[in-house]
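Hello,

Here is the structure you will be taking over. My notes on it follow below.

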Amino acid sequence: MDNDLADRRMQRGWSQTRLAEELGVSRQTVISIERGRFDPSLPLAFRIAATFDCAIEDVFHP
């Protein structure tokens, strides 16, 4: 699944480590999601959307 997580993270000036801390996951998880190698669970997708104050569909694109 495509996503614009890296763009949203960089717009805030956050490192992958900072985003991982905000989401309660490892930095490796953030890297895997950004590269499209890992699709987050639904609860994690909701946390990502809430962190960026948007809908899940705004971040993830089938």
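E22 is partly exposed, because its relative accessibility comes to 41%, and 41% falls between the 20% and 50% limits for that class. The model is a predicted one, so please read all of the notes with that in mind.

E22 has a charged partner: its side chain forms a salt bridge with R18, with 3.0 Å between the closest N and O atoms. R18 is likewise partly exposed, at a relative accessible area of 35%. Both residues belong to helix α2, where a spacing of four residues puts about one helical turn between them.

Searching the whole structure gives three salt bridges. Side chains of opposite charge can pair when their charged atoms come close. Another of the pairs is D4 with R8, where the closest N and O atoms are 2.9 Å apart.

R9 and E34 also form a salt bridge, at 2.6 Å from N to O. Because R9 sits in helix α1 and E34 in helix α3, this pair ties together parts that lie 25 residues apart in sequence. Are R9 and E34 buried or exposed? Both R9 and E34 are buried.

E34 leads on to helix α3, which covers residues 27-34. The buried residues of this helix are V30, I31, S32, I33 and E34. What do they pack against? Their neighbours are the strands β1 (2-3) and β2 (60-61), together with the helices α1 (5-11), α2 (16-23) and α4 (42-51). Just after α3 comes G36, which has a positive phi of about 75°.

Helix α4 contains T51. With a relative accessibility of 18%, T51 counts as buried, since the limit for buried is under 20%. Which residues does T51 touch, once neighbours within four places in sequence are left aside? The contacts of T51 are R12, W14, L19 and L23.

The last item is P62, found in the segment after β2. P62 counts as exposed because its relative accessibility is 99%, and the exposed class begins over 50%.

Regards

Notes:
Residues numbered from 1 in each chain as written. Predicted model: local features only at pLDDT ≥ 70, side-chain atom pairs only at ≥ 80, totals over all residues. Heavy atoms only, no water. Buried < 20%, exposed > 50% of the residue type's maximum accessible area, 1.4 Å probe, protein only. Helix = DSSP H or I, 4+ residues; strand = E, 2+ residues; numbered from the N terminus. Contact = heavy atoms within 4.5 Å. Salt bridge = Lys/Arg side-chain N within 4 Å of Asp/Glu carboxyl O.
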